[in-house]
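Here's a quick briefing to read alongside the model. Have the sequence and the 3D view open as you go.

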Amino acid sequence: MFLDEQVQKLQRRVRNIEQNPRPEFLKCTKLRYQLELERYLHVLEAWKQGKPFAVSDSIDSILQAMGFEAQGYIAWGDRVSNPQKYYDIAINKLGFPDQTCDRTITALGLFLSGEVPIPRLMAARRIPCDPERWSLMAAAKFTGVLFLELARLNNNGDENIRCIADQEAALIEYAEKSVPGIKYDESKLIELMEADQQSLYYLRDTYELRKRVPCPISPQDSFRLMTMPSRYPNPARVVEYSKAYRDEMFERADKGIGGVREEKLRIAWLATGPYGRSTFDLLSKKGVSIPWFHYGRAAHYFGLIRDDLGDEGKYGRKLNPLEEMARFFNTNTWAGPSTDWVDPLIKACRDLKIDAVVDFLQVGCIPTINLKRITAQRLKEELGIPTLDLEGREHFATEAGTINMNKKLEEFIDMCIANKG
Ligand code: SF4
């Protein structure tokens, strides 16, 4: 069963860190795994008690503030240890396509497997990542769960903020009427947003450190996404983790500790991290640092986009809490106009002395394909750096897939190191 497997996996990871600490990795990762473990245990307990769950790809804080238990969806699909079991449900049994990105299909299969709670509500965003939205829609359709979509207007101004906040208010009203015991608590939402913002400030402090040579973070740690306190049962502990992360990064940078033994190349990695140890090991062995992992929220998290909770500058007025959520929603640069995606990438590459870029395409990912040409072209023209167009699956069906992907990556790394001299 998925949730029990996650608990066991995280217990193993914590034990492993205690018994075999590795100097290249951040020590605070142990706390991160403990928080993840706590979260899965909390889900199991809440499920046992019959509490109402809800799924969203972007408004977890609002769901929590209504009294829902926020449940993972795509992120859980990423963590399955036996993907074939879930493909069998989604592809072989229900006829969903096998050429779309793995995570949307494993998430759907997992959701329909009965191994995770069936939520009372699912909310998705209308953005160009159709596979994710369709996966959520299909999950809701097959289980009869309430499904709502939030739109995103093309402009980023006041009209957009008001429009999304109106939709959030409608969602709250709908949920309060439809699900017994659900009641929106605005003060709870503010508390959660403040915890998220505090964590973000800690993370942002580490941006400057990534300019150091050697970069103080290992390739594997570079791919760890920020943990949002609002998604955990004990947000204050997650803020503590973010502080510990920042402090440890400063300590490593002060002592000149690098994330790889001898740094030979600095790359930015785009879109989705590679899955599996072998790619991390390859990067480490070759002396490749990853000062910048460019994903949808990275530019905002690290301060390349400044549009923070309580800031009255951008809109010329104080935003109400639902508008603040809409503001946060809009800072995601993924799957929007190419300038949203590429402008901060160019800035990060310039700031962090990036030598080369790997644009990683998870097979079936429509937004990545659409952005590839313009991304590589601008990196070449504005910074003179090469981009590797790399394809991979989250779950390769055979070992040969990973071997081929890593071979292509290795050839590119060798070429860049040789050119760097
Ligand atoms: S990898 Fe691409 S297609 Fe898949 S969920 Fe992410 S953005 Fe959507």
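Where does the ligand lie relative to domain 1 (2-186) and domain 2 (188-420)? It lies between them, because both domains give residues to the shell around it; the domain bounds come from an automatic or database domain assignment. Bear in mind that this is a predicted model: local features need pLDDT of at least 70, side-chain atom pairs count only at pLDDT 80 or more, and totals for chains, interfaces and linings use all residues. Residues are numbered from 1 along each chain as its sequence is written.

**Around the ligand**
- The shell holds 13 residues, and C101, C129, P131, E132 and C365 come nearest (near means a C-beta atom, placed from the backbone, within 6 Å).
- Two or more residues each come from α6 (102-112), α7 (130-143) and α16 (366-383), with α16 giving the most, at three.

**Nonpolar cores**
- The largest nonpolar core has 59 residues, and I62, M66, L110 and M122 have the most contacts inside it (a core joins buried Ala, Val, Leu, Ile, Met, Phe, Trp, Tyr and Cys residues through C-beta atoms within 7 Å; buried means 20 or more other C-beta atoms within 10 Å of a residue's own, all placed from the backbone).
- Both domain 1 and domain 2 supply at least three residues to this core.
- A second, separate core has 41 residues, including M228, F293, L371 and M405.

**Whole chain**
- Counting up the secondary structure gives 17 helices and eight strands (DSSP runs: H or I of at least four residues for helices, E of at least two for strands).
- Of the 421 residues, 43% count as buried.
- The C-alpha trace spans about 65 × 55 × 45 Å along its principal axes.

Definitions and conventions
A residue is buried if 20 or more other C-beta atoms lie within 10 Å of its own, exposed if 12 or fewer, and partly exposed in between; C-beta atoms are placed from the backbone.
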